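Subject: Structure for you to look at

Hello,

Here is the structure I promised to pass on.

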Protein chains: 6
Amino acid sequence: MPRIAAFGEVMMRLQVPGYETLVQSNRLEYSFSGSGVNVTAALARYGHHGALITTLPETPLGEAAFAYLRKLGVDTSLISQGGKQLGMYFLENGFGARPGRVTYTDRLGSSFNTAEASNYDMVALASKVDVLHLCGITLAMNEGVRKQMKQLAMEVKSAGGKIVFDCNYRPALWGEDGYTKARPHYEELLELADLVLMNEKDAQYILGIGTGEYDRITQLKQAIPEVAERFRIGMTAGTHREINADNTHSLTGYIYHQGTFVFSSKLTFPVYDRIGAGDVFASAVIHGELQQYPHQQTVNMASAAAMLAHTTQGDTALFTESEVLRALSDHTLDVER
Amino acid sequence: MPRIAAFGEVMMRLQVPGYETLVQSNRLEYSFSGSGVNVTAALARYGHHGALITTLPETPLGEAAFAYLRKLGVDTSLISQGGKQLGMYFLENGFGARPGRVTYTDRLGSSFNTAEASNYDMVALASKVDVLHLCGITLAMNEGVRKQMKQLAMEVKSAGGKIVFDCNYRPALWGEDGYTKARPHYEELLELADLVLMNEKDAQYILGIGTGEYDRITQLKQAIPEVAERFRIGMTAGTHREINADNTHSLTGYIYHQGTFVFSSKLTFPVYDRIGAGDVFASAVIHGELQQYPHQQTVNMASAAAMLAHTTQGDTALFTESEVLRALSDHTLDVER
Amino acid sequence: MPRIAAFGEVMMRLQVPGYETLVQSNRLEYSFSGSGVNVTAALARYGHHGALITTLPETPLGEAAFAYLRKLGVDTSLISQGGKQLGMYFLENGFGARPGRVTYTDRLGSSFNTAEASNYDMVALASKVDVLHLCGITLAMNEGVRKQMKQLAMEVKSAGGKIVFDCNYRPALWGEDGYTKARPHYEELLELADLVLMNEKDAQYILGIGTGEYDRITQLKQAIPEVAERFRIGMTAGTHREINADNTHSLTGYIYHQGTFVFSSKLTFPVYDRIGAGDVFASAVIHGELQQYPHQQTVNMASAAAMLAHTTQGDTALFTESEVLRALSDHTLDVER
Amino acid sequence: MPRIAAFGEVMMRLQVPGYETLVQSNRLEYSFSGSGVNVTAALARYGHHGALITTLPETPLGEAAFAYLRKLGVDTSLISQGGKQLGMYFLENGFGARPGRVTYTDRLGSSFNTAEASNYDMVALASKVDVLHLCGITLAMNEGVRKQMKQLAMEVKSAGGKIVFDCNYRPALWGEDGYTKARPHYEELLELADLVLMNEKDAQYILGIGTGEYDRITQLKQAIPEVAERFRIGMTAGTHREINADNTHSLTGYIYHQGTFVFSSKLTFPVYDRIGAGDVFASAVIHGELQQYPHQQTVNMASAAAMLAHTTQGDTALFTESEVLRALSDHTLDVER
Amino acid sequence: MPRIAAFGEVMMRLQVPGYETLVQSNRLEYSFSGSGVNVTAALARYGHHGALITTLPETPLGEAAFAYLRKLGVDTSLISQGGKQLGMYFLENGFGARPGRVTYTDRLGSSFNTAEASNYDMVALASKVDVLHLCGITLAMNEGVRKQMKQLAMEVKSAGGKIVFDCNYRPALWGEDGYTKARPHYEELLELADLVLMNEKDAQYILGIGTGEYDRITQLKQAIPEVAERFRIGMTAGTHREINADNTHSLTGYIYHQGTFVFSSKLTFPVYDRIGAGDVFASAVIHGELQQYPHQQTVNMASAAAMLAHTTQGDTALFTESEVLRALSDHTLDVER
Amino acid sequence: MPRIAAFGEVMMRLQVPGYETLVQSNRLEYSFSGSGVNVTAALARYGHHGALITTLPETPLGEAAFAYLRKLGVDTSLISQGGKQLGMYFLENGFGARPGRVTYTDRLGSSFNTAEASNYDMVALASKVDVLHLCGITLAMNEGVRKQMKQLAMEVKSAGGKIVFDCNYRPALWGEDGYTKARPHYEELLELADLVLMNEKDAQYILGIGTGEYDRITQLKQAIPEVAERFRIGMTAGTHREINADNTHSLTGYIYHQGTFVFSSKLTFPVYDRIGAGDVFASAVIHGELQQYPHQQTVNMASAAAMLAHTTQGDTALFTESEVLRALSDHTLDVER
């Protein structure tokens with residue numbers, strides 16, 4: 001069984017239930033997530049072994065995070081303890097024309113973002129990992145974390161493992177002149193990556209590859225091969241999202257491999273919880289590769305999995321392969337009884 | 001006031017609130033339902049007298065079921081006590097492409113399904129019933145219950161009462177070769193029934209009448225008259241359901257009587273709680289017959305009532321006739337104030 | 001900073017959570033609202049000073065209302081205490097074809113509706129008010145309240161303030177022959193008003209101006225200028241609402257000023273909580289006037305604000321101007337993070 | 001089976017959950033109760049037939065009250081419909097030194113308190129009642145209700161039934177000079193009553209019998225026989241309540257019959273919900289009399305039942321006789337499993 | 001790190017929140033527990049490795065149980081899948097004189113109780129276990145489970161492991177003549193056990209050792225050495241519980257080893273959730289033995305842990321050793337901040 | 001009306017409802033508090049004018065804090081906006097021997113603790129304040145905040161206002177050698193203060209005045225006069241808390257003024273929510289002084305108010321003077337109806 005690990009932060013998600021705002025309500029529901037959490041949990045649900053590499057505080061909040069990760073089926077044995085804080089975000093649900101709102105507490109003070117490099121035995125960790133998942137959100141944190149991320153990636157590569165990198169560029173995290181600041185770090189990661197999650201906007205804004213003159217598919221077909229070639233990336237994959245006037249979303253997934261694109265059909269669906277869907281897409285692509293499925297099958301499954309992720313409470317969406325396949329074949333199903 | 005009774009099991013429904021799964025949540029909301037419960041409660045709300053014939057355990061769960069039935073307006077004076085268990089099902093709501101899930105506990109061990117025939121004084125019961133409602137779900141349980149069901153139907157017939165039989169075939173309950181096993185029992189019930197709820201699929205799969213070669217309406221028009229003639233059934237009624245790509249459902253109701261079909265217009269609507277809508281349709285057909293309404297009026301009302309049932313929390317949907325008529329005339333209403 | 005005040009009742013809103021009815025549930029969520037509350041709170045959120053003129057009981061319910069108003073940012077210093085009761089309404093949410101239901105307790109016994117005129121020092125109040133908001137719901141209550149309302153309007157006018165009157169005709173409150181009873185009182189208020197919220201139905205049914213022969217826009221264009229001229233009203237504004245077959249609503253706002261109509265585009269949107277949207281429209285029109293925005297800008301913003309009000313829990317919808325502008329420019333937004 | 005009926009108002013109880021106040025919370029839990037409701041429901045639970053005579057509005061609130069009464073096992077067939085309002089009270093729980101608070105809405109406008117005498121066919125009702133329960137709270141309402149109450153009592157007496165009267169004097173309802181106003185009405189009812197619930201304070205303050213000079217037991221032993229003799233009352237019963245420094249309560253029950261007092265032992269217990277405990281005591285006394293139990297057994301059971309009522313959520317406490325007997329024999333029990 | 005395993009059933013606990021009964025409420029909170037669950041989870045929290053040996057159904061309920069066990073820190077890798085049902089119990093909280101109530105669904109049909117012996121590879125399992133925990137509740141189930149339990153115990157013994165047996169006699173499970181039926185099975189287990197949890201009542205009623213003539217401590221001191229000698233048991237331990245008039249409980253723990261008794265002091269405390277406290281006592285005794293603590297220290301810690309278990313929501317109480325030690329040294333602590 | 005202001009941080013309190021821990025639950029209830037919040041809100045409830053001087057972020061969390069403060073009746077017009085974070089703490093309730101736990105997020109990064117001195121116009125603020133409340137918790141934050149606190153105190157003094165200083169020493173905030181670090185800052189504040197809240201432990205540990213050799217009352221009587229004299233403090237006040245074996249708490253309040261001590265009687269009571277009780281005591285002392293009540297009356301009221309604060313949900317306890325007086329005269333009250 002291949003051992004997949006993700007290096008990333010655990011966030012506490014504090015959501016106002018229903019459609020009230022923080023001003024109106026006095027209740028929250030909490031869970032724990034993060035890109036690495038979502039990916040390792042999803043892969044565990046597909047039957048792989050998923051472990052998280054992170055640092056959590058030794059506080060009641062840290063304990064609660066540990067327990068939650070265990071519940072998700074994530075292997076917590078590679079997690080360090082230290083520091084005092086957990087990153088948090090508050091979520092107010094939107095409805096129709098009123099967008100949802102996310103408010104972060106200061107992530108930079110979290111146990112993960114303040115951990116010393118010496119916290120992690122990179123060589124030992126690398127020896128336990130066949131596939132390492134990294135994410136652009138972690139890259140945006142601070143110089144210390146970026147170094148740890150790159151060092152771990154290099155150790156895993158040296159030990160014969162594979163690197164998955166999800167670009168996941170978040171403008172709010174990089175601040176002013178973000179693309180300029182981010183570019184060299186993204187380039188380092190892309191050099192190391194075997195599978196990259198990105199789309200044409202990432203190529204254009206972060207790397208300056210491609211232009212915005214044509215329709216998005218044309219842009220994609222132009223930019224992605226250039227990126228893949230420049231950084232010698234084995235496979236790239238990603239999605240196009242459209243938000244429709246009736247508040248449904250549409251997704252189209254793509255995989256690019258050795259000069260060839262495959263696309264899923266465009267899936268259109270109502271949305272219950274939008275957060276974390278990208279991680280579910282990435283997880284299904286990784287799963288498809290581990291199973292050596294044909295790329296068309298993989299991109300279809302990954303798009304269907306991402307669609308299902310929009311119908312699920314919380315950031316972390318857990319499905320079996322058979323649930324994804326059923327959604328792929330028919331998504332207007334009656335209650336199962 | 002005609003006295004309607006139903007013979008059937010009371011189930012405890014344990015629903016995860018909102019859109020979480022049993023893995024994610026730690027809360028349930030419970031109520032008590034069952035085909036017979038839904039039908040007698042709906043008829044009580046239309047102003048008739050509805051009593052349930054069943055067996056409940058003398059436990060706190062049984063007490064809670066009794067109290068809930070009283071709240072619904074169901075006459076509980078014909079209910080026996082005995083046995084130790086109540087049938088239960090757990091419901092996880094679906095959303096969009098993610099279907100809802102129903103998980104049953106072992107129904108066969110319930111007080112109802114293990115009750116001895118001697119538990120019921122069939123002759124005395126029959127003397128208190130003008131219309132008896134029976135359902136294919138009960139028929140699927142076990143030989144003991146089937147015998148009780150048939151005996152009660154015969155006693156009611158002998159005493160001059162009418163029999164309503166809702167085919168309600170559930171593949172999961174009959175298991176492998178289910179149609180073959182079920183057929184003789186369905187045939188016995190159809191022989192006794194005055195009003196039958198069924199559609200062309202029931203005719204074809206259970207009875208082998210009609211084929212799947214044509215569109216569903218043609219199939220219906222071919223199969224139902226043949227069934228009615230073979231079993232000398234006074235009236236048959238039923239619905240066609242379509243699940244649309246935008247997750248709305250559409251329903252078209254029909255009534256067949258003495259060689260003539262009447263159809264409701266097709267109603268399309270969003271769905272809040274799908275379970276129990278068939279029982280609401282059946283109840284409205286029974287109500288229309290008891291009131292001797294024209295069949296076109298009855299089928300229109302029954303379809304509108306079934307539509308309303310999809311908008312109501314819980315299996316058991318309670319409406320007055322005037323609420324149904326208003327939904328029939330206009331289902332895009334502003335808040336009433 | 002202009003001082004806006006509203007004269008009107010505070011109601012306790014008791015809502016069954018989710019989609020259960022009062023028969024099914026055993027829980028309520030409560031808040032406090034009313035036309036005057038909604039308008040002064042919305043204007044306070046836009047940065048103005050909003051005060052409520054009303055009477056509240058000195059009971060735990062009255063205390064809770066005071067605290068809730070403070071939370072909304074409403075100035076409570078002009079509120080009298082007296083009487084014993086608070087008006088209340090119970091709200092059951094509808095779903096699809098099942099309309100929501102509002103049940104009032106006896107409003108006529110409330111502190112506001114039984115307060116003596118001597119309760120209010122009209123001259124002193126008028127000196128603290130630049131814009132006074134009045135509403136047809138208050139006009140429907142009883143002769144005492146009507147007299148207070150008119151006297152306060154006259155004092156504000158004398159002191160150089162402006163009067164806003166929202167017709168808000170509620171058939172249930174006026175009872176039989178309601179239009180006939182209401183007409184003289186509406187005429188008195190329209191004589192005093194500088195800005196009137198109404199539409200062509202108000203003109204036709206209350207004032208007998210215009211006819212129902214043409215489409216609604218033609219009716220509006222015919223009736224509103226006639227009303228404005230007859231009563232020398234500086235500005236009139238209002239909305240057309242349509243309820244669509246897919247349960248979305250559509251709104252088109254208009255402003256009429258010195259012989260010219262401006263219309264917003266028609267906005268179509270899903271509805272979460274319909275109550276109070278008219279007050280949000282009115283508030284945005286008042287805000288636009290206080291800011292001396294062009295009328296086209298005002299009517300666009302007011303329609304977008306009313307749309308947003310449909311997406312918000314509770315009667316009282318609070319938005320900043322920038323939130324309204326964003327909804328105006330694009331109402332298919334992704335989560336903000 | 002003796003038929004017990006109670007004449008009295010149904011109140012909606014709206015309770016803030018937990019220990020927040022109405023200012024702090026935004027949630028309520030509701031149920032329906034009243035002295036007559038509590039007594040008939042408790043007697044139904046003991047196996048008797050209990051019916052309520054009252055008037056409820058034809059509104060969603062009235063529907064909810066009907067359904068709740070049915071759930072309690074109360075026969076609702078003697079209830080009239082009319083009027084528009086339901087009496088309500090809001091309950092904030094106290095804790096330790098902070099007392100709970102009850103806030104009433106205007107009871108006098110309720111369907112029950114505004115119903116015409118012609119609403120009730122007193123002769124027909126009397127023919128269906130063997131024991132009629134009346135309560136001093138109803139007596140405090142208004143002249144119309146008092147007349148109905150007395151007339152019904154006389155008709156029941158004429159028809160051979162028995163009258164139970166619970167003095168239940170509430171100072172807040174009678175207002176200033178309340179005892180003086182109340183006295184003639186209490187005297188009329190005492191003349192009619194066969195079983196009276198009262199204690200020495202009622203005797204002294206309402207009837208001017210006995211003095212406050214001695215300890216409460218001496219007062220009781222002096223006053224009750226005098227009351228019983230003057231009004232020819234077959235049996236009187238009641239409780240002494242003490243509230244202890246550790247917030248436990250203590251109750252001692254008494255029965256006086258034909259010159260003899262019997263007392264229960266003093267029971268001391270923690271309190272969860274204090275409201276309705278007096279009605280549970282009364283119900284158990286009536287039950288004891290209907291079963292012709294020895295008075296010592298009756299007063300013991302009634303005191304134990306009242307103790308249990310303090311441990312139960314809501315006004316209406318439902319116990320079987322065996323549950324009461326077990327609490328009587330041992331009230332420090334482990335969980336039953 | 002010693003590997004502890006428990007063989008036993010996972011139960012779903014469905015608790016009515018607060019102090020309502022199943023009749024009054026419509027909500028439940030659920031968790032998963034069982035003697036083996038409680039013990040392995042508690043030992044995992046003390047830093048040991050705890051695994052459960054059981055069978056769970058492949059249903060959404062089974063999935064939820066798996067996730068819950070993982071959250072508790074229990075190793076689920078030894079769990080089989082099969083069967084269709086999960087044992088369940090409903091819990092209504094008591095208050096004061098009103099005892100809590102537990103209602104079981106049919107445990108005998110559960111996956112665990114219907115699993116074939118071939119479901120478990122006893123030799124392989126035994127090779128992974130240093131300490132095996134068994135419980136008298138499992139022994140009460142049926143012959144199949146009893147055989148599996150004994151076979152597993154013998155294999156573990158053969159492989160050099162230790163057996164812990166908690167007598168946990170439940171009269172309701174053994175039915176009539178329960179002690180007689182149970183005795184031979186208990187004797188077999190006692191022969192195998194190295195550490196036995198029992199008290200003098202178990203000795204007397206199950207084994208017929210000792211008498212009830214003296215005070216409980218004298219009985220204990222007489223019976224336990226006799227049991228230990230007869231069955232060659234290395235260590236026995238247990239608690240005396242008293243339920244006090246003020247609804248507090250008192251516990252005194254004992255350990256008997258090689259002719260010597262040690263007792264904890266008697267701890268008296270208020271109770272929040274009583275279920276599972278015995279398992280927490282047992283876990284702490286096992287922990288003490290694994291750590292080779294002096295017996296006095298072990299019995300003190302185990303009693304303090306059991307006390308803490310009464311203050312914790314749910315059956316499964318998780319504490320670190322330092323939390324137990326702090327409770328032991330001072331149990332009147334202020335909030336920690 | 002004297003204008004009271006407090007300078008201090010607003011904290012978000014996130015409480016696990018009921019008695020679950022953060023590991024067990026998934027829900028939180030939130031409110032906003034802080035020493036300054038509690039004091040100004042309590043004084044506003046007594047009828048004074050209470051304003052908070054602080055800095056809040058312009059985020060949805062900041063908005064929610066503003067709204068909550070308004071609800072409490074606190075004047076928010078002196079609050080600055082800036083920074084990005086709000087201080088937070090998580091609260092898990094204890095039960096009996098299991099202590100509650102408080103977990104802070106990083107307070108030092110909050111808007112209040114990172115605000116520049118230039119954020120506040122100290123002279124302008126001082127002109128609006130008659131009494132300024134300061135607290136030792138603020139003093140523990142960082143050098144910037146300490147300087148602002150002292151500067152504001154000096155400006156208020158210069159402008160003729162009074163300073164109240166509550167020592168409120170929190171060991172966790174000062175860290176190692178805390179008393180040594182804290183002492184010079186406390187001394188500066190004590191020099192400025194007119195009314196000081198402290199007890200003998202503060203005197204001994206922070207200031208090195210008095211010894212621990214005698215009973216606490218003797219210590220108090222020795223240390224407080226020395227402190228008062230050394231720092232020329234007009235009045236000192238405080239409480240002794242005892243936590244009893246039955247989990248009740250006992251409080252005794254004292255006031256020392258011009259050489260004379262007055263003590264309240266010792267109040268013993270059950271505890272619902274312990275946090276914030278010290279602020280309620282301080283508020284009542286300030287209120288007594290503003291009303292020029294005799295010191296005995298003030299200390300009695302302040303102790304009763306602190307007792308009531310323990311019975312109230314949340315940090316901020318709001319009572320009217322008459323509610324405090326009633327609790328003082330009798331704290332074993334029946335429900336008020």
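How many helices and strands does the secondary structure of chain A come to? The count is 13 helices and 15 strands. Keep in mind that this is a predicted model.

**Chain A as a whole**

Start with the overall form. Chain A has a radius of gyration of 19 Å. The globule rule gives 20 Å for 337 residues, so chain A is as compact as a globular protein of that length. Along the principal axes, the C-alpha atoms of chain A fill a box of roughly 50 × 45 × 45 Å.

Next, the record. An unreviewed UniProt entry lists residues 1-317 of chain A as "domain: Carbohydrate kinase PfkB". In the model, that span is 39% helix and 23% strand. Its end C-alpha atoms lie 22 Å apart.

**Two domains in chain A**

The domain assignment divides things in another way. It gives domain 1 (1-130) and domain 2 (234-337) of chain A. The C-alpha centres of these two domains lie 22 Å apart. Their contact takes 17 residues from domain 1 and 17 residues from domain 2.

Which elements give two or more residues to the domain 1 side of this contact? They are β3 and α1 (35-45) of chain A. The largest share of that side comes from α1(A), with eight residues. By class, the domain 1 side has nine nonpolar, six polar and two charged residues.

**Chain A against chain F**

Now look at chains A and F together. What rotation superposes chain A on chain F? It is one of 180 degrees, with 0.0 Å of shift along the axis and an RMSD of 0.0 Å. That is the relation of a two-fold axis. To find the axis from chain A, go to A:L28. Its C-alpha is the one in chain A nearest the axis, at 2.5 Å.

The contact takes 25 residues from chain A and 25 residues from chain F. Four elements of chain A give two or more residues to the side that touches chain F. They are β3 (27-33), α2 (60-72), β7 (87-92) and β8 (101-104). The residues on this side of chain A divide into 10 nonpolar, eight polar and seven charged.

Why do the copies meet through the same surface? Because 100% of the interface residues of chain A are also interface residues in chain F.

**Strand β3, within and between chains**

Within it, A:R27 stands opposite F:E29.

Strand β3 (residues 27-33) of chain C pairs with strand β3 (residues 27-33) of chain D, antiparallel and over three bridges. There, C:E29 stands opposite D:R27.

Which strand of chain D do five bridges join to β3(D)? It is β2 (residues 11-15) of chain D, and the two run antiparallel. One pair to pick out is D:R13 with its bridge partner D:S31 in β3(D).

Best wishes

Note on methods. Residues are numbered from 1 along each chain as its sequence is written. Chains are lettered from A and ligands numbered from 1 in the order in which they are written. This is a predicted model: local features need pLDDT of at least 70, side-chain atom pairs count only at pLDDT 80 or more; totals for chains, interfaces and linings use all residues. Copies are superposed by least squares on the C-alpha atoms of residues with pLDDT of at least 70 in both. Two residues are in contact if their C-beta atoms, placed from the backbone, lie within 7 Å. Ala, Val, Leu, Ile, Met, Phe, Trp, Tyr, Cys and Pro count as nonpolar, Asp, Glu, Lys and Arg as charged, and the others, Gly among them, as polar. Two strands pair if DSSP finds at least two bridges between them. UniProt positions are given in the numbering used here, feature names are shortened, and annotations may be inferred rather than shown by experiment. Domain bounds come from an automatic or database domain assignment. The radius of gyration is taken over C-alpha atoms; the globule rule is 2.2 Å times the number of residues to the power 0.38.
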